[in-house]
Amino acid sequence: MNYNQDIQTLIEAVAKSPDNTTLRYYLAEKFMHSGFVPEAEVQLQEILKLDRSNMAAKELLAEAFYKGKKFSAIVMIAEDIQDTNEMPFKLKVWYTKALVKEKNLRLAQEMYEEILDDNPRFLDPELDEALRIKAFGALEELDLDEELFLEESNISFKDVGGLADVKKEINLKIIKPLLNPDLYKMYGKKVGGGILLYGPPGCGKTYMARATAGEIDAKFINVGINDILDMYIGQSERNLADVFEVAREHTPCVLFFDEVDAIGASRHQMINQAGKNVINQFLSEMDGISSDNEGLLIVGATNTPWALDTAFRRPGRFDRIIFVPPPDNDARAAIFELALREKPLGEGINYTKLAKSTDMFSGADIYAVVDRAIEAKLEIALETGEVQPIEMTDLQQAIKKTQPSTREWFNTAKNYALYANQSGLYDEILKYIK
Ligand SMILES: Nc1ncnc2c1ncn2[C@@H]1O[C@H](COP(=O)(O)OP(=O)(O)O)[C@@H](O)[C@H]1O
Ligand SMILES: [Mg+2]
């Protein structure tokens, strides 16, 4: 065989010191790079005879086997290593590819998860193609075009009825720091971090987040968890990483995760491990482990704070938690006014009275009441051909037909507030129940 000079020299050296595994490894590498795969294989096998735990040799041997289409041999190398944590990264990749060839997709998926755990940005078209979870039908491609993400909000605090306390807290914890970063820095306070809005559904968490964006001149990125979660193994982690990257490029920036509790409990994720990987990715992005989160404010919203992995609430993560309660009397009056804006109204609409008869109604419930009243009017208008304004009685009738939706939430929340409130997290709920 005609080997080049380098290889020739190494062959002679190996012949002189046959037990020198380092030399043999150099030779194997040279063989591989020059396309002499079977020769490389022989050297690597020889190394493993001398040193059974030589991971570098196993890794390169797996590559040689892959090139020689000896897939089951790769599986054997890998299975010989009990703890997959000890496997070098590339060996994991060759192993996973071999598993795909061997049609052991279940195990391949698990391994692929591990690979992406080690390196969320790892991309391999072959593995992506093979390990796609096809059971859930067509995939909605997430287009990470920045323009899709960076929103302009057309509402601000004035459009939010009531919630004065919440507005004050947001002002203090979000708006002021973003507007006066230097002042905060002088006092050694970081600008950024995480805030969690929680409370019964329909009471304005999402609405409030949008209004916050409208209040400030910061960029606002609204992330639906379903945009992030993806049936492709590892794609969710990559989507998350991308969203954070876009946000970091546009500071000051409010990054809003609506229904953030869904992140650990995705119906798209077939394997439990996958959910954990997404959570871990989220946490490390929040911690800013590999990048600087200065000027990045992360706002999460959830109806079920108790379903949120407690790791999310550690310092530096969602450590500021704001309860968004059902609207009080004044807020309900204000929401009625907002909901009836630009509608044909009769004389004598009494907003205070409407508010009084809608205790425990959420903002969304109030909008539902107004909708109901309008529908009743429309029905009459269609029958008679006459457009009549909405009267107080129409609204009162609609109220009677509408159940306040927050009661059920409080029934559930009460249990957590009473029995799982060690950290005082649900004090606000207790205050509210009293
Ligand atoms: N305080 C409020 N002021 C004005 N509108 C409100 C308020 N709370 C809720 N709404 C209305 O109810 C709808 C549902 O609220 P949303 O923010 O989606 O609730 P949540 O996110 O808490 O479930 C909003 O789009 C808005 O029209
Ligand atoms: Mg919401």
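## Confidence first

Guide: In this predicted model, pLDDT stays under 50 over residues 133-148, a stretch for which the model has 13 contacts beyond four places in sequence. Where pLDDT is low, the predicted coordinates should not be read in detail.

Visitor: Over which other residues does pLDDT stay under 50, again with 13 contacts beyond four places in sequence?

Guide: The protein as a whole has a mean pLDDT of 85, and 91% of its residues reach 70 or more. Even so, there is a stretch with 13 contacts beyond four places in sequence where pLDDT stays under 50, and that stretch is residues 266-271.

Visitor: Which element of the protein has the highest mean pLDDT?

Guide: Among the elements of the protein, the lowest mean pLDDT, 46, belongs to helix α9, which covers residues 146-149. At the other end of the scale, the highest mean pLDDT is 97, and the element that has it is α17.

## Domains and the ligand

Visitor: How far apart do the C-alpha centres of domain 1 and domain 3 lie?

Guide: The domain assignment gives domain 1 as 5-130, domain 2 as 146-323 and domain 3 as 329-403. Taking the C-alpha centres of domain 1 and domain 3, the distance between them is 71 Å.

Visitor: Between which domains does ligand 1 lie?

Guide: The shell around ligand 1 holds 19 residues, and the closest are Gly204, Lys205, Thr206, Tyr207 and Gly363. Two or more residues of this shell come from each of α12 (205-215), α16 (329-340) and α18 (363-384). Because both of the domains concerned give residues to the shell, ligand 1 lies between domain 2 and domain 3.

Visitor: How many residues of the shell around ligand 1 are charged?

Guide: Sorted by class, the shell around ligand 1 has twelve nonpolar and six polar residues. The remaining class is the charged one, and its count in the shell is one.

Visitor: What span should α16 have at 1.5 Å a residue?

Guide: The helix α16 has twelve residues, and its end C-alpha atoms are 17 Å apart.

Visitor: Against which elements do the buried residues of α16 pack?

Guide: The buried residues in α16 are Ala331, Arg332, Ala333, Ala334, Ile335 and Phe336. The elements that these buried residues pack against are α17 and α18.

Visitor: Which elements are included in what covers the buried residues of α18?

Guide: Helix α18 has 22 residues and reaches 32 Å from its first C-alpha to its last, close to the 32 Å expected. Its buried residues are Gly363, Asp365, Ile366, Val369, Val370 and Ala373. What covers them includes α16 and α19 (392-400).

Visitor: Which residues of α14 are buried?

Guide: Helix α14 has 14 residues and reaches 20 Å from its first C-alpha to its last, close to the 20 Å expected at 1.5 Å a residue. The residues buried in α14 are Gln235, Ser236, Glu237, Arg238, Asn239, Leu240, Val243, Phe244 and Ala247.

## Backbone exceptions

Visitor: Which residues are joined by a cis peptide bond with omega of about 0°?

Guide: Most residues other than glycine have a negative phi, and most peptide bonds are trans. An exception involves Pro252, which lies in the loop between α14 (235-248) and β4 (253-258). The cis bond joins Thr251 and Pro252.

Visitor: What is the phi of Glu342?

Guide: The place of Glu342 is in the loop between α16 and α17 (351-356). With 5 other C-beta atoms within 10 Å, Glu342 is exposed. Its phi is positive although Glu342 is a residue other than glycine, and the value is near 65°.

Visitor: In which loop does Lys69 lie?

Guide: Lys69 has a positive phi of about 60° although it is not a glycine. Lys69 is also exposed, with 9 other C-beta atoms within 10 Å. The loop that holds Lys69 is the one between α4 (55-67) and α5 (71-80).

Notes
Residues numbered from 1 in each chain as written. Chains lettered and ligands numbered in written order. Predicted model: local features only at pLDDT ≥ 70, side-chain atom pairs only at ≥ 80, totals over all residues. Near = placed C-beta within 6 Å. Helix = DSSP H or I, 4+ residues; strand = E, 2+ residues; numbered from the N terminus. Nonpolar A, V, L, I, M, F, W, Y, C, P; charged D, E, K, R; others polar. Domains from an automatic or database assignment. Buried ≥ 20, exposed ≤ 12 C-beta atoms within 10 Å, placed from the backbone. Expected span 1.5 Å × (residues − 1). Contact = placed C-beta atoms within 7 Å. pLDDT = per-residue confidence, 0-100.
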